[in-house]
Amino acid sequence: MEQWMRQGFHWLAASPSANRMARRWGLRFGAARFVAGETLEKALEVVRDLNHRGLEVTLDHLGESVSDAAEAAEAAQACLDTLEGIERTGVRSHLSVKLTQLGLDIDRSLAEKHVGQILERAGQAGTFVRIDMEDSAHLPATLELFREMRRRHDHVGIVIQAYLYRSEQDLRELEDLGANVRLVKGAYREPPSVAFPDKRDVDQNMKKLIDMHLQSGCYTAVASHDPQILRHTRERVEQWGIPRDRFEFQMLYGIRPDLQRDLVERGYRVRIYVPYGTDWFAYFMRRLAERPANVWFVLKNVGRH
Ligand code: FAD
């Protein structure tokens, strides 16, 4: 049953018509638990509040799988506006971007142009930009573009997904570039030909990648809500004497605020991924796929609309 629900949510996340429809609804069905708001100003208020509570942030203007050049240009402008908003308000926030939102599916050079503009502007503002990792079909182009950008800029990072067999090798190559890497388990539906089907293998690989990257001396962002992974990381950094400015924990807005608080109280750097915008549907569906129990939360909210 749970497996079916997961598949259904992944299918909805990838459905262009469901995404188009949801854009017209406004934030519904409890999506506001995971999405900071539909506007930049609302998102900046949330960032300010999180900062007051000792949390760092990375803002994400929602959107992906763009197939129209004008829409990709609008998305790039929204990222530039986000950078301007961060600078204007003085909040502590990085920026996260998705290459398919910036035109990767239309023309690789279009995505390259947009991400280049964003990095130029971010460099002037002193803001770090991370390129999110999407499904495995987009991984080679994403890594290639990251490598090009990394040669020109220090303030850019990437994501590696522990569910993929190839990630250990990819991480090794990224370490040669001194890359700042966010390590995650992986949020997309992938076939067993490319990804570990068993969650226990994913968890084990996640720990292996965390150990590798911490020991490489590169900056490590451990993005997980899994208490086992958090404990493992804390033990390793303690054991190996990794300074606290060489790594951080990351979690998603609205998920396990108790763990977020606990880590801050222990003196760790914790960054919250704060998505905002009208294109919330695919992101929301992936959060449901990760934890189908969230459906009860959705059903409770349906009655309110
Ligand atoms: P899990 O084993 O899935 O979950 C552990 C526990 O966390 C669960 O028992 C539950 O208590 C809680 N939890 C997890 N998910 C949810 C949820 N949706 N709702 C409520 N509780 C939940 N994936 C990518 O593929 N590419 C990216 O670029 C990317 N960026 C990310 C950035 C950040 C900051 C984070 C935190 C995650 C990102 N992810 C990304 C998602 C990631 O791949 C996982 O899908 C997600 O984090 C769930 O895995 P987990 O490590 O929390 O462990």
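Modeller: A residue counts as near a molecule or strand if its C-beta atom, placed from the backbone, lies within 6 Å of it. The model is predicted, so local features need pLDDT of at least 70 and side-chain atom pairs count only at pLDDT 80 or more, while totals for chains, interfaces and linings use all residues. Residues are numbered from 1 along each chain as its sequence is written.

Biologist: Thanks! Which residues come nearest to the ligand?

Modeller: The shell around the ligand divides into eleven nonpolar, six polar and seven charged residues. Here Ala, Val, Leu, Ile, Met, Phe, Trp, Tyr, Cys and Pro count as nonpolar, Asp, Glu, Lys and Arg as charged, and the others, Gly among them, as polar. Of the 24 residues around the ligand, those that come nearest are Asp132, Val184, Ala187, Ser224 and His225.

Biologist: Which element gives the most to that shell?

Modeller: Helices (H or I, at least four residues) and strands (E, at least two) are DSSP runs, numbered from the N terminus. At least two shell residues come from each of β4 (156–161), β7 (247–252) and α11 (281–290). The element that gives the most, with three residues, is β7.

Biologist: Is strand β5 largely enclosed or open?

Modeller: A residue is buried if 20 or more other C-beta atoms lie within 10 Å of its own, exposed if 12 or fewer, and partly exposed in between, with C-beta atoms placed from the backbone. On one side of β5 sit Asn180, Arg182 and Val184, on the other Val181 and Leu183, and all are buried. Because five of the five residues of β5 (residues 180–184) are buried, the strand is largely enclosed.

Biologist: How many bridges join β5 to strand β6?

Modeller: Two strands pair if DSSP finds at least two bridges between them. In β6 (residues 220–223), threonine 220 stands opposite valine 181. β5 and β6 run parallel, and the number of bridges joining them is three.

Biologist: And over how many bridges do β4 and β5 pair?

Modeller: Within this pairing, valine 159 stands opposite arginine 182 in β5, and glutamine 161 stands opposite valine 184. The two strands pair in the parallel sense, and the number of bridges is five.

Biologist: Through which helix does the chain cross from β4 to β5?

Modeller: This β-α-β crossover is right-handed: with the strands pointing away from the viewer, the path from the first strand over the helix to the second runs clockwise. The helix covers residues 167–176, and its name is α7.

Biologist: How many of the residues of β4 are buried?

Modeller: In a regular strand the side chains alternate between the two faces of the sheet. From β4, Val156, Ile158 and Ile160 point one way and Gly157, Val159 and Gln161 the other way, and all are buried. β4 is mostly covered, and the count of its buried residues is six of six.

Biologist: Does proline 243 count as buried or exposed?

Modeller: Proline 243 has its place in the loop between α9 (227–240) and β7. Because proline 243 has 7 C-beta neighbours inside 10 Å, it counts as exposed.

Biologist: What is the phi of arginine 256?

Modeller: Arginine 256 lies in the loop between β7 and α10 (257–265). With 15 other C-beta atoms within 10 Å, arginine 256 is partly exposed. Its phi is positive in a residue other than glycine, with a value near 45°.
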